[in-house]
Amino acid sequence: MTEDERKQIRAEFRDAVNMSPAELDDWLDTAESKGVGWTREGEDEAIGHKSGRRIVAIKRHTVDSLTDDDHTHMRKVVGYIHRHLAQRPAGDVRDTRWRYSLMNWGHDPLKDETD
């Protein structure tokens, strides 16, 4: 992975992930967070919830300490957020599984509405 690719991934990640590490950490402790997402057979934690914990760790790292694996995950997060945003349901999304799933991946769509 080139440094230009890494910079591009970091910029897209910063744009897509609009929750701070503290906000995401607090969210991941809620029943709503733990109640959404797909869980692999034999695992207790949903993929999105696990990703959220990794996003918190990535956001707390310095740029120089991020690995290629971290950048690969950041690219995965950006892709998920963009795909999921395109599937926005009609109506009020405040208390929906759609929003909760996005929040597990570090994006609160309601923040977009207040910007």
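Ser33 is found in helix 3, residues 31–34 (helices are DSSP runs of H or I with at least four residues, numbered from the N terminus). The model is predicted, so local features are given only at pLDDT of at least 70 and side-chain atom pairs only at pLDDT 80 or more, while totals for chains, interfaces and linings use all residues. Residues are numbered from 1 along each chain as its sequence is written, and side-chain values use heavy atoms, with hydrogens and water left out.

With a relative accessibility of 0%, Ser33 counts as buried (buried is under 20% relative accessible area, exposed is over 50% and partly exposed lies in between, for a 1.4 Å probe and protein chains only). Its side chain makes a polar contact with the side chain of Asn104 at 2.6 Å. A polar contact is a pair of N or O atoms within 3.5 Å; within protein, one must be able to donate a hydrogen and the other to accept it, and residues adjacent in sequence count only if both atoms are side-chain atoms. Residues up to four places away in sequence aside, Ser33 touches Trp27, Leu28, His49 and Asn104 (contact means heavy atoms within 4.5 Å).

Asn104 leads on to helix 6. Seven of the eight residues of helix 6 are buried, namely Trp98, Arg99, Tyr100, Ser101, Leu102, Met103 and Asn104. Ser101 has a relative accessibility of 12% and therefore counts as buried. Beyond its neighbours within four places in sequence, Ser101 is in contact with Val36, Tyr80 and His84. After helix 6 comes Gly106, with a positive phi near 90 degrees.

What of the nonpolar interior? In soluble globular proteins, nonpolar side chains tend to be buried together. Here the largest nonpolar core holds 25 residues, of which Phe13, Leu24, Trp27, Val77 and Ile81 touch the most other members. Such a core is a set of buried Ala, Val, Leu, Ile, Met, Phe, Trp, Tyr and Cys residues joined through side-chain atoms within 4.5 Å. Two or more residues of this core come from each of helix 1 (3–16), helix 2 (21–28), helix 4 (47–60), helix 5 (68–85) and helix 6, and helix 5 gives the most, with five residues. Leu24 touches Met19, Gly52, Ile55, Val56, Met103, Asn104 and Gly106, again without residues up to four places away in sequence.

The largest pocket has a volume of about 160 Å³. On a 1 Å grid over the protein atoms alone, a pocket is an open set of points with protein on both sides within 12 Å along at least five of seven lines, and lining residues have an atom within 4 Å of a point. Grid points are joined across faces, edges and corners, and the volume is the space filled by probe spheres set on the points. Arg10, Phe13, Arg14, Ile58, Lys59, His61, Val63, Leu66 and Met74 line this pocket. Helix 1 gives the most to the lining, with three residues. By type, the lining divides into five nonpolar, one polar and three charged residues (Ala, Val, Leu, Ile, Met, Phe, Trp, Tyr, Cys and Pro count as nonpolar, Asp, Glu, Lys and Arg as charged, and the others, Gly among them, as polar).

His61 also meets Ser65, whose side chain makes a polar contact with that of His61 at 3.2 Å. Ser65 lies in the loop between helix 4 and helix 5.

Methods
On a 1 Å grid over the protein atoms alone, a cavity is a set of points where a 1.4 Å probe fits but cannot get out, and a pocket is an open set with protein on both sides within 12 Å along at least five of seven lines; lining residues have an atom within 4 Å of a point.
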